[in-house]
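Let's take a walk through this structure together, one piece at a time. Have a look at the sequence and the 3D view before reading on.

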Amino acid sequence: MVVLQDVNKHFGDLHVLKDINLTVHEGEVVVVIGPSGSGKSTLCRAINRLEPIESGTITIAGEQLPEEGKALAALRADVGMVFQSFNLFSHKTILENVSLGPTKVRKAKPAAAKARAMELLERVGVEHQAEKYPAQLSGGQQQRVAIARSLAMEPQVMLFDEPTSALDPEMINEVLDVMTQLAKSGMTMVVVTHEMGFARRAADRVVFMSDGAIVEENTPEEFFTNPQSSRAKDFLSKIL
Ligand code: ADP
Ligand code: MG
């Protein structure tokens with residue numbers, strides 16, 4: 001579903017993605033972990049073409065990412081992305097936040113988009129907030145709306161970049177639960193997170209990044225109990 005081959009990127013002198021090779025199969029959940037500054041966000045942004053790459057190729061569902069224009073917009077709609085900050089439209093209701101994309105980009109009929117949005121709000125447990133505005137919701141609720149908004153576009157892949165890092169502790173699990181359900185439903189997911197419980201529970205594979213490179217790739221079981229590299233051992237000793 002997602003294939004990166006020999007992807008490289010610099011920010012000035014900083015080599016931020018170093019010969020990245022990564023394949024994410026349909027229905028697979030890949031959790032990306034690693035120290036701050038190791039290139040995890042840049043990797044996610046590259047997959048979505050929010051960040052141009054210098055060399056290598058990225059394909060989504062067999063199609064190479066186009067450089068720009070309509071084809072890029074279409075492909076980007078296939079790749080949902082949820083960030084640390086919720087990025088909801090503050091002057092739109094929750095329901096409008098979720099139904100807007102499908103009507104604008106997917107040309108869905110407003111009534112159908114609304115009905116589908118309500119289903120998704122139910123799925124993430126915020127259906128009673130549909131007529132409210134983002135500021136009236138808790139951070140955990142807003143992030144669940146952001147997930148529903150991405151799902152409304154019927155993406156083929158969902159990218160999550162530290163979706164719970166900005167949340168108060170008591171709200172983290174309600175968001176992780178929605179993500180766990182999504183993983184179980186067969187969605188292809190790439191998740192950057194420091195939530196090791198989620199990684200153990202939901203990941204098919206853990207990818208460990210350090211200094212712009214993928215240093216280790218393994219099942220969560222193997223990775224957490226038997227890390228191979230000194231950098232992974234060091235990282236785990238600090239966070240577990
Ligand atoms: P992570 O998400 O793993 O913390 P990032 O992908 O955000 O890492 O960043 C990787 C490195 O690239 C860091 O050293 C960061 O400071 C640098 N970086 C990220 N974005 C930019 C940018 N737009 N311009 C310059 N340097 C950047
Ligand atoms: Mg980051």
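To follow how helices pack, you need one convention: axes are lines fitted to C-alpha atoms, for helices over the stretch in contact, and angles run from 0 to 180 degrees between N-to-C directions. Keep in mind, too, that this is a predicted model.

Let's start with H4 and H5. On the H4 side, the residues involved are Arg116, Leu120, Leu121 and Arg123, and they meet Val145, Ala148, Leu151 and Ala152 of H5.

Now bring in H3, which covers residues 94–104. How does H3 lie relative to H4, the helix of residues 110–123? The two pack at an angle of about 125°, with axes 8 Å apart, and that makes H3 oblique to H4. H3 passes H4 in a right-handed crossing. From H3, Ile94, Leu95, Val98, Ser99, Pro102 and Thr103 take part; from H4, the partners are Pro110, Ala113, Lys114, Ala117, Met118, Leu120 and Leu121. That contact divides into 10 nonpolar residues, two polar and one charged.

H3 also packs against H5, which spans residues 139–152. Here the axes come within 8 Å and cross at roughly 25°, so H3 and H5 are roughly parallel to each other; the cut-off for that description is an angle under 35 degrees. The crossing is right-handed. Ile94, Asn97, Val98 and Pro102 of H3 make the contact with Val145, Ala148, Arg149 and Ala152 of H5. Six of the residues in this contact are nonpolar, one is polar and one is charged.

Finally, let's turn to ligand 1. Which residues are around ligand 1? They are Phe11, Leu14, Val16, Pro35, Ser36, Gly37, Ser38, Gly39, Lys40, Ser41 and Thr42. Among them, Gly37 has a backbone N or O atom 2.7 Å from an oxygen atom of the ligand. Lys40 uses its side chain instead: one of its polar atoms lies 2.8 Å from an oxygen atom of ligand 1. Thr42 likewise has a polar side-chain atom 2.5 Å from an oxygen atom of ligand 1.

Definitions and conventions. Residues numbered from 1 in each chain as written. Chains lettered and ligands numbered in written order. Predicted model: local features only at pLDDT ≥ 70, side-chain atom pairs only at ≥ 80, totals over all residues. Heavy atoms only, no water. Helix = DSSP H or I, 4+ residues; strand = E, 2+ residues; numbered from the N terminus. Parallel < 35°, antiparallel > 145°, perpendicular 65-115°, else oblique. Left-handed = near helix turned anticlockwise from the far one by under 90°. Contact = heavy atoms within 4.5 Å. Nonpolar A, V, L, I, M, F, W, Y, C, P; charged D, E, K, R; others polar. Near = heavy atom within 4 Å. Polar contact = N/O pair within 3.5 Å; in protein donor to acceptor, adjacent residues only side chain to side chain.
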